[in-house]
Amino acid sequence: MFLSLKNYAVIFDMDGVIVDNMKYHKAAWKKFIKKYAPDTDLEKFSRHFGKTNADLIKIIFSRPLKQDRIHRLAEEKEAIYRNLYNPFIAPTPGLVPFLEKLKKEKTEMVVATSAPTPNVDFVMDQTGLRPYFKTIVDSSQVKKGKPDPEIYRLAAAQTKQTPSRCLVFEDSYPGIASAKSAGMKVIGVATTYSAEKLKGADKVI
């Protein structure tokens, strides 16, 4: 049964929500970490997924890095990810029929992702999903990454709805915390983490 969201805006995270791609991100980080910080505990590190690449790289290196080096390292990791995922990229099962229903309801749809712009372009162009979304907010447009609420406040500002009339789909702890801090209801998507680990969400699917 489809619940009408006509008077809401729906905001989607990208990684783990629009595409179920986190195992490819994990594989890319594993390869990246093996090269630069082989003693890193990948399981503990994965708890930070949902944050920006800049924040993740600072965690790996545990020391100050110049911004241009952070950018180069981040792009190196993302190039690994895109190469790994390219043969398998597809929308998350069930997503397209849901987007079609929202489209018929004339519900505003926005993407709010910690991913860099090249990854957004990669996903949207390879899946053909870009036309569904009114706008896309990515890491290049915010100063503070998730769990800070900045990205979801900015996403809500692109719609006609107040934050309290925005419904967010998220798969990560930082993402759920970000959306809740922005005053939004959150549906946890149990792709990257099990449903039991997404207790901060209002509902988990």
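This is a predicted model: local features need pLDDT of at least 70, side-chain atom pairs count only at pLDDT 80 or more; totals for chains, interfaces and linings use all residues.

I begin with the fold. The protein has 8 helices and 6 strands, and along the sequence they follow the pattern β-α-α-α-α-α-β-α-β-α-β-α-β-β. The C-alpha trace spans about 50 × 35 × 35 Å along its principal axes. For 205 residues, a compact globule would have a radius of gyration near 17 Å, and the 16 Å of this protein agrees with that. Of the 205 residues, 48% are buried.

I turn now to the backbone. Most residues other than glycine have a negative phi, and most peptide bonds are trans. Lys 106, which sits in the loop between helix H5 (95–104) and strand S2 (108–112), has a positive phi of about 60 degrees without being a glycine. Its relative accessibility is 71%, so Lys 106 counts as exposed. Ser 62, in the loop between H3 and helix H4 (67–85), is likewise not a glycine and has a positive phi of about 55 degrees. Ser 62 counts as exposed because its relative accessibility is 62%.

The peptide bond from Lys 146 to Pro 147 is cis, with omega near 15 degrees. Pro 147 belongs to the loop between strand S3 (135–137) and helix H7 (150–157).

Finally, the surface. Lys 26, Lys 44, Arg 47 and Lys 197 form a patch of positive charge there. Of these, Arg 47 lies in the loop between helix H2 (42–45) and helix H3 (53–61).

How values were computed:
Residues are numbered from 1 along each chain as its sequence is written. Side-chain values use heavy atoms; hydrogens and water are left out. Patches are made of residues with over 30% relative accessible area and no salt bridge: like charges are joined within 9 Å, nonpolar side chains (Val, Leu, Ile, Met, Phe, Trp, Tyr) within 5 Å. Accessible areas come from the Shrake-Rupley method with a 1.4 Å probe; for residues, only the protein chains shown count as cover. A salt bridge is a side-chain nitrogen of Lys or Arg within 4 Å of a carboxyl oxygen of Asp or Glu. Lys and Arg count as positive and Asp and Glu as negative; His and the chain ends are not counted. The place of a charge is taken as NZ of Lys, CZ of Arg, CG of Asp or CD of Glu. Helices (H or I, at least four residues) and strands (E, at least two) are DSSP runs, numbered from the N terminus. The radius of gyration is taken over C-alpha atoms; the globule rule is 2.2 Å times the number of residues to the power 0.38. Buried means under 20% relative accessible area, exposed over 50%, partly exposed in between (1.4 Å probe, protein chains only).
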